[in-house]
Amino acid sequence: MSLLRVDQLTGGYNGHVVIDGCSMQVDPGEVVVIMGGSGSGKSTFLKHLIGLKPPMSGSVELNSEDLYSGSMNDRYRRLSHIGVAFQMGALVSSLSIFDNVALPLRETTDLPEDVIEVMVRLKLEFVELLDKQDLLPSELSGGMLKRAAVARALARDPKLVFMDEPSAGLDPVVASALDDLILKIKDALGVSVVVVTHELESAFKIASRIVVLDRGFIIFDGSVDAIRASDNPRIQALINRTAEPMAFDAEEHYRRIMGLPEG
Ligand SMILES: Nc1ncnc2c1ncn2[C@@H]1O[C@H](COP(=O)(O)OP(=O)(O)OP(=O)(O)O)[C@@H](O)[C@H]1O
Ligand SMILES: [Mg+2]
């Protein structure tokens with residue numbers, strides 16, 4: 001049974017279509033990486049998947065239930081099965097790391113405080129931040145903040161976690177550690193992860209499947225091996241973009257702005 005099933009989803013802003021008839025699914029134990037150029041609609045797609053934006057048409061099912069049918073309370077109940085580290089590191093600045101991770105449990109469950117404490121400590125141990133639990137977000141490094149956001153996303157023991165650009169703004173070593181954490185979420189907890197990333201190396205390392213969005217359409221959905229073997233020129237452009245002839249020719253630029261003849 002799929003954790004998430006997206007069927008012919010069309011969505012966007014004020015009648016302007018950004019996502020056009022997209023279908024995909026996420027099964028247990030998968031890391032699904034969503035890739036695509038800037039402005040291709042990745043973040044918009046995620047907003048539809050995590051309950052923030054009803055689609056114009058088509059459906060989103062979480063655990064075989066239509067996410068957007070019924071009341072707002074129905075929607076919140078269905079969303080209790082997912083975790084979101086969307087704006088990574090966006091923690092409440094006045095609360096300690098412990099209280100930030102406890103927040104979803106205190107706000108949406110009736111669990112007694114001693115149970116909450118055990119659950120929070122487990123998640124902090126999992127992301128290797130237990131020794132930082134009493135610190136404020138401002139007292140953590142960028143990489144630690146993202147791990148704290150992951151701990152908070154895991155607080156309610158979801159089956160599925162969403163992340164948008166988790167490694168943005170991190171140096172390569174810290175970004176690589178975050179990749180390892182995503183794999184640990186899948187392998188040790190058996191939790192599926194849907195992650196948007198620009199980083200090709202990261203995508204190839206963590207993905208069970210890669211979904212490529214291009215101008216609102218899903219133009220690829222398959223394994224790392226399959227995307228490497230794809231002969232679709234749009235896919236080729238995406239995965240070879242580091243080698244694309246976009247290089248800036250400083251000498252040529254200087255000649256042009258100075259009005260000098262070609263050398
Ligand atoms: N709040 C909004 N209101 C209106 N249009 C929006 C809004 N957010 C995004 N868009 C538009 O939707 C399109 C897709 O944007 P989106 O942010 O989903 O792309 P993206 O793939 O996440 O890009 P990036 O890689 O730069 O994060 C763009 O044309 C953008 O201008
Ligand atoms: Mg985005």
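Student: Which residues of α5 meet which residues in α6?
Tutor: In this predicted model, G143, K146, R147 and V150 in α5 meet V174, L178, L181 and I185 in α6, where contact means heavy atoms within 4.5 Å. The residues of this contact divide into five nonpolar, one polar and two charged, with Gly counted among the polar ones.

Student: How do you know what the numbers and values rest on?
Tutor: Residues are numbered from 1 along each chain, and chains are lettered from A. Local features need pLDDT of at least 70, and side-chain atom pairs count only at pLDDT 80 or more, whereas totals use all residues, and side-chain values use heavy atoms without hydrogens and water.

Student: What makes α5 and α6 roughly parallel?
Tutor: Helix α5 (residues 142-153) and helix α6 (residues 172-189) pack at an angle of about 15°, with their axes 10 Å apart. Angles under 35 degrees count as roughly parallel (over 145 is roughly antiparallel, 65 to 115 roughly perpendicular, the rest oblique), and α5 and α6 are therefore roughly parallel to each other.

Student: Is the crossing of α5 and α6 left-handed or right-handed?
Tutor: The crossing of α5 and α6 is right-handed, a word used if the near helix is turned clockwise from the far one by less than a right angle.

Student: Why is α1 called mostly covered?
Tutor: Buried means under 20% relative accessible area with a 1.4 Å probe (exposed is over 50%, partly exposed in between). In helix α1, which spans residues 42-49, six of the eight residues are buried, namely K42, T44, F45, L46, H48 and L49.

Note on methods:
Helix = DSSP H or I, 4+ residues; strand = E, 2+ residues; numbered from the N terminus. Axes fitted to C-alpha atoms, helices over the stretch in contact; angles between N-to-C directions.
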